Amino acid sequence: MQRLLLLLALMLSVLVPLPAQLVDGPDFVDYYRKGEAALAENEAEAALRFFKRSLKARPGFTAALRGQGIAYELLRDYPKAAESYERILQSDSTFARTLYYEAGTAFYKAGKPEKAIEYFRQFRELQQDTLMAPGSEQEFKVEQRYMRKLPSSIRACEVSMDSAKFINITEVVNVGPNVNTKADDYFPFVNNEQNRMLFTRKTDKGDEDLYESRLVKGIWARGSAVRELNSRQDEGMSTVVRDGRLLFYTVCGREGVLGACDIWQARFNENQEVTDVSPLKGFANSENWESQASISCDGSTLYFSSKREGGRGGTDLWYSQRQADGSWGDPVNLGPNINTDLDEEAPFITNDGQTLYFSSNRPGGYGG
């Protein structure tokens, strides 16, 4: 959330100022102002509605198009964000140098690295164009920040285009409507027998809960909440020791949690009923944020994501080892080969303990 707010402040600082004669102007200006205010409150959906009304009243209004693009970015609808930015530059190629970089970023996150790299390179070439120099000190600072990020952004596009030639996954199949809903369904964990799935669902009320589904005759059954693990606060991202009896999951906001979120454990009895729900003993949890655990095959090493002191920046991946008394020892940072100054999250360790999968927003991927 902190990173999102910083991004929002950065974007708002370079929104197009309206001409003086339009400040108290017609409806399309009023809608634009309301959209701007909604963005300032981080209410992207409301902002988008106002910007669309402004554009309906006056198609091609560049300030509203810029705001619309920002709102789409905050909602992670990168194709529409890219389309909004491109519409501005197609109608006014001298609008702002910063917009070329932002268009490139949106196209990159939309999975179009070829298009993204075109805009990144135009942004670099336009640095010599004095007619498009920043109009304010704040915009100058934004542009300098973009310039520092530009080499890695271009490199990320190049890597993405190169990697696309070697991808060997030919088909991705939706798990189906019994698991997937209009809500957000994510962080799946499938047991060794491949017949039970635990996953996180963000309900309509914004509450994250743990759900499970069983594979019946090749079809995943309708997901149901694991009620013994859920509360009115957030729960999510589970992992189970390979014998299927000991579960680790994320718990937020309830009594007994040290930081914003902690990792807790629970056991399943012979009938797969939940027992012994409790916080982890030892040092795995801290007064900071811990989440998204993955347990090794033998249950001796716990990998997780944390914002604790001693990291490299953002969220880092750490591991903790089980002690003889069952508690968890001091966490160890996985180091600079894994962690960057950006966010590394959602670790998954394979059964043989030799391969670690994780997510990262470092350069070189296809988006977040």
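Predicted model: local features only at pLDDT ≥ 70, side-chain atom pairs only at ≥ 80, totals over all residues.
I take buried to mean under 20% relative accessible area, exposed to mean over 50%, and partly exposed to mean anything in between, with a 1.4 Å probe and protein chains only. Residues are numbered from 1 along each chain as its sequence is written, and side-chain values use heavy atoms, with hydrogens and water left out.

Entry on the whole chain. I looked up the overall make-up and noted eight helices and 15 strands, taken as DSSP runs numbered from the N terminus (H or I of at least four residues for helices, E of at least two for strands). Of the 368 residues, 45% count as buried. The accessible surface comes to about 20,000 Å², with 48% of it belonging to carbon and sulfur atoms, by the Shrake-Rupley method with a 1.4 Å probe.

Entry on Ser286. I found Ser286 in the loop between β9 (274-279) and β10 (290-295), and with a relative accessible area of 13% it is buried. Leaving aside neighbours within four places in sequence, I listed Leu258, Gly259, Asp262 and Arg308 as the residues in contact with Ser286, contact meaning heavy atoms within 4.5 Å. A polar atom of the Ser286 side chain lies 3.0 Å from the backbone nitrogen of Asn288.

Entry on α5 and α6. I followed helix α5 (residues 78-91) against helix α6 (residues 97-109), and their axes come within 8 Å and cross at roughly 150 degrees; the axes are lines fitted to C-alpha atoms over the stretch in contact, with angles running from 0 to 180 degrees between N-to-C directions. The two helices are therefore roughly antiparallel to each other, a term I use for angles over 145 degrees. Among the residues that meet here, I noted Tyr78, Tyr85 and Leu89 in α5, and Leu99, Tyr100 and Phe107 in α6.

Entry on positive phi. I checked Arg76, which is not a glycine and yet has a positive phi of about 65 degrees; Arg76 sits in the loop between α4 (62-74) and α5, and is exposed, with a relative accessible area of 64%. I then turned to Gln292, also a residue other than glycine, where phi is positive and near 60 degrees. Gln292 belongs to strand β10, and I recorded it as buried, with a relative accessible area of 5%.

Conventions:
Polar contact = N/O pair within 3.5 Å; in protein donor to acceptor, adjacent residues only side chain to side chain. Parallel < 35°, antiparallel > 145°, perpendicular 65-115°, else oblique.
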